[in-house]
Amino acid sequence: MSLRLRNPFNLLRSHSIALDAGSARTVITNPQSEVLLDEPTVIAIEHGTGAVIATGAEAKSYIGKAPERIRVIRPIQAGVIVDFDSAKALLRSFFKRVCADDGFRLNICAVVCLGVTDLEKHTFIDCCKAAGASKVDIVDAPLAAAVGAGLDIRQPKGRLLLGIGAGLAEASVLCLADVVYSESARIGAEHFHEAVAQHLAARYRVSIGENMAEQATLQLAWAERPAQLRHMTLTGKYFGSGTPCALELTDDDLEGALDGPLASLEALVRKAMDKTPAELVADIADTGLTLYGGGAQVHGLDSALGSRLGLRTRQAHDPAMVSVLGAAATLRPDLDFKKLLVK
Ligand SMILES: Nc1ncnc2c1ncn2[C@@H]1O[C@H](COP(=O)(O)OP(=O)(O)O)[C@@H](O)[C@H]1O
Ligand SMILES: [Mg+2]
């Protein structure tokens, strides 16, 4: 039997990372905002033995194709851990990829959605610890996103943000580096994919898989018609006959596909504004609405929502990354964002 002795002095040293483990995508950076890992939040596990078969992009490619002995799992949904053991196994494999197993302590600042309960936040912290973290601080997603987007949130000036992740949207009003009001709804990029799949099913009587629905959304869906026509080949099968099909589509074929989700997002923002004190709403008329999260990247979403709401609306630069970049900023003492962490 061999025993590997670790250098005991390493226990005094630590790696610090920022973590955004969303329903669709997990991103890890170092405090300097360099991306160490960017993978789908998906794990493939063997039934019975519980052995990990694949994680991240490889596991995602199994969706809709895996035989019965393999379970393909998305252990985080709408910001909440729904399968603790799978989430732990997935995070452990991600942590191992970004930090050498050198006995150093692993300190994490993790982004957590505002709409989750305290119990769900504690479950998330416990899961990170079970996966190998020594210390876990958390920062609320809208605050992290605002910092990552470079907004000056320390001023007594109201700002409105709308985060559109994979399974959850959060409309938040921020002022004096805090969240004044927030409203969440189960509407996100995954609902865009579903709406696109339903639209195509109704129009062409085709059934498509989850990954193809995401591809069609990314490549063709729009909230405001793009100036240049975009094309893609969609593969699926016809209802009834089950025969395979390959359809040549353009963005014209997706006209109106996102009307339902767009109306829900508009209603969410209106509800948040309705509950916000008048002084802050007056500020927001000036500062406008900032969009972040992967779902904010739908073509023309900023201008479509802007005209529906009558608010100047802009998409944060690199919207799916701003939350993790804000979490990374809290790890740097020189930037003085530590007070944003949830107490
Ligand atoms: N251009 C786009 N149009 C629509 N959805 C997009 C686009 N780009 C990324 N997404 C979607 O955004 C989601 C990932 O966003 P992200 O904010 O990382 O979600 P989460 O943090 O909930 O995992 C994915 O479901 C992806 O399909
Ligand atoms: Mg995210």
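A residue is taken as buried if 20 or more other C-beta atoms lie within 10 Å of its own, the C-beta atoms being placed from the backbone. By this criterion, applied here to a predicted model, strand S11, which spans residues 159–164, is mostly covered, with six of its six residues buried. In a regular strand the side chains alternate between the two faces of the sheet. In S11, Arg159, Leu161 and Gly163 point one way, whereas Leu160, Leu162 and Ile164 point the other way, and all of these residues are buried.

Strand S11 has pairing partners of both senses. With strand S12 (residues 169–175), S11 pairs in the antiparallel sense over six bridges, and the two strands are joined by a hairpin of four residues; within this pairing, Gly163 of S11 has Glu170 as its bridge partner in S12. With strand S17 (residues 289–292), S11 pairs in the parallel sense over four bridges, and here the bridge partner of Leu160 is Leu289.

The surroundings of ligand 1 were examined next. Ligand 1 is surrounded by 19 residues, of which Gly22, Gly165, Ala189, Gly294 and Gln297 are the closest. Two or more residues of this shell are given by each of helix H5 (189–204) and helix H6 (210–220). In composition, the shell around ligand 1 comprises seven nonpolar, nine polar and three charged residues. Both domain 1 (12–143 + 325–340) and domain 2 (153–316) contribute to the shell around ligand 1, each supplying at least three residues.

Conventions:
Residues are numbered from 1 along each chain as its sequence is written. Chains are lettered from A and ligands numbered from 1 in the order in which they are written. This is a predicted model: local features need pLDDT of at least 70, side-chain atom pairs count only at pLDDT 80 or more; totals for chains, interfaces and linings use all residues. A residue is near a molecule or strand if its C-beta atom, placed from the backbone, lies within 6 Å of it. Ala, Val, Leu, Ile, Met, Phe, Trp, Tyr, Cys and Pro count as nonpolar, Asp, Glu, Lys and Arg as charged, and the others, Gly among them, as polar. Domain bounds come from an automatic or database domain assignment. A residue is buried if 20 or more other C-beta atoms lie within 10 Å of its own, exposed if 12 or fewer, and partly exposed in between; C-beta atoms are placed from the backbone. Two strands pair if DSSP finds at least two bridges between them.
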